[in-house]
Amino acid sequence: MPELGGAALWPYLIVGGGGLLVMVVDSFVRTLKKDHLSYLTMFVLIAAIAVQIAGETREGTVLHGMLVTGAYARFFNFLFAGIGVVTTIFAGGIFDRDGRHRPEVYPLLLFTVLGMMVLAAANDLMTLFLGLETMSLATYVLAGGVRGDVRSSEAGFKYLVLGGFSSAFLLMGMALLYGFAGDTGFAGISAAMTQGEPDTILVTLGMGLMLVGFGFKVALVPFHMWTPDVYDGAPAYITGFMATAVKAAGFAILLRWVVLMQPQLAFVWYPVLAVLAVLTMSVGNVVAIVQSNIKRMLAWSSIAHAGYLFLGLLALMSPARGGSDAMMRTREMGEAAGSGLLFYLIAYSVMNLAAFGVVNVLSSERGKEADDINRYAGLSRRRPVAAAVLAVALLSLAGIPPFVGFMAKFYVFAAVVRAGLVPLAIIGVINSLVSVYYYLRVIVVMYMNEPAEDSYDGTEWVSFVTAGALALLVIYLGVRPDAFHHAAEVVVRQLPF
Amino acid sequence: MEVTLTHYLVLATLLFLTGMTGFVVRRNAIVMLMCVELMLCAVNIVFVAFSRLHGDGGGHVFVLMNFAVAAAEAAIGLAILVEIFRRRRTVDVDDLKALME
């Protein structure tokens, strides 16, 4: 890949510089109104998107091979910046309402997005680690930074301690791979693996330890224990951000990592990963059934969705171990599974943001998080639009047509079947069926139960409109998925299978 | 006795396992943070040892970055801990039960 000039770095500079700018503006401009920071943050993110569209489009590396730019990085930059804009809107709405003003959220959001962008484009163990930690450190503060809220502090601390613990494993894995290859660049490591003796203990152990670190970030069972507590303790708009963007960033790097390191992963860790994927789906869905707190329920459901996404990764790896349909070549299988995975990430982000958007609006009224499912009773009568949006999002998460969740699952499971992993696909479908139960329960409470005195209510219309737009997107993408799926295919084609 | 790569790796392994065990066994939040730092130290030793083995500077750079990130992480962790201690008067993780069901 050619080394490109600095022009390709503009989106990263804008988001990072924008974060610093927002911080300075917040500290020094005294006449500031509360929502000005929110506008500024949105402007920065939209500017980054605009520069990304107008700027460098070639495939190549920048900063001496530290980052890869091109279709794949652009895809994820759009996704992260988009999620950032939506989260900014949700955050702005809630601050306006009840005086829980947290100006530090905006620069932290921008830094998180920067970390994710670097992570998705990483082409070297150093940039991978820096991106991951930039993202994680900012997220710890976002989750734990609500002053005077013990639940938030506790969530932040649990996230930080377990995150640091898993980072140590990830780093040890990196150190061992570095010891094997003598190079921190992905290209060098990949080359050393294809040339040298592939299954030395350094590589096997290093890969395993790195997978532990990645597994923590995307909440793979058994590294998922932090998820329900953190998603529960953090404010709803941050939870929505963590459930979508942070998970997408984890899968962004996992997908590229798997493509680069395929032979190693496929031969040694493949059976372990298959077991973990099945466990992740099943544990997530079964535990979600007994939750009475909607944020915890969505947390367990996000664990289950990580399992579905992981099935896509397994399908992508399968040709290397000769398990796939004999007619399928590595590249075709990779493209089918990879594009399914990317489409799933878009779909998952849109529907989850819609769901958390509604939870967030309802949270704003009394300064308490709207997390008790029973208090959603009669929402359809008090706030019909909010109830409809939440219902669409939940049905889509359950994978019911015509919503986008169905199409996303269809693409991923189709790839899994084509990869010859029919038992895994069957387990995945059974899991989706189980998940329908707990998603439907919320809808039943909203539509069938009478509104009670303490039912949640919310009136903040900007967030309502945003969540409503996301719900329309859920329906639109479910009916016409072709354009986005095609875009995902084009992106995946650029990966070096 | 000549000190070889194996010695460094054994030392790093011991340090890593010490940190890991401490993290799992101890319930004091500050000790847990220190255990994570121990594990990161073990990683740094591995990086430097391999850096010397391969005659490549990349490992040294990585170690410097590790220092910076570990410091930032400790700062954030302690800040959140102070907030928790102010409210709860404890840093025992077994007492952090606001989020349990």
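User: How many salt bridges are there between chain B and chain A?

Analyst: The count is 0, with a salt bridge taken as a side-chain nitrogen of Lys or Arg within 4 Å of a carboxyl oxygen of Asp or Glu. This is a predicted model, where local features need pLDDT of at least 70, side-chain atom pairs count only at pLDDT 80 or more, and totals for chains, interfaces and linings use all residues. Residues are numbered from 1 along each chain as its sequence is written, chains are lettered from A and ligands numbered from 1 in the order in which they are written, and side-chain values use heavy atoms, leaving out hydrogens and water.

User: Which elements give two or more residues to the side of chain B that touches chain A?

Analyst: Helix 1 (5–25), helix 2 (29–54) and helix 3 (58–88) of chain B do; helices are DSSP runs of H or I, at least four residues, numbered from the N terminus. Helix 3 of chain B gives the largest share, 17 residues.

User: And by class?

Analyst: That side of chain B has 29 nonpolar, 6 polar and 7 charged residues. Ala, Val, Leu, Ile, Met, Phe, Trp, Tyr, Cys and Pro count as nonpolar, Asp, Glu, Lys and Arg as charged, and the others, Gly among them, as polar.

User: Switching to helix 15 of chain A: what should its 15 residues span?

Analyst: At 1.5 Å times one less than the number of residues, residues 404–418 should span 21 Å, and the end C-alpha atoms are 21 Å apart, so the two agree.

User: What follows helix 15 of chain A?

Analyst: Gly420(A) does, with a positive phi near 85°.
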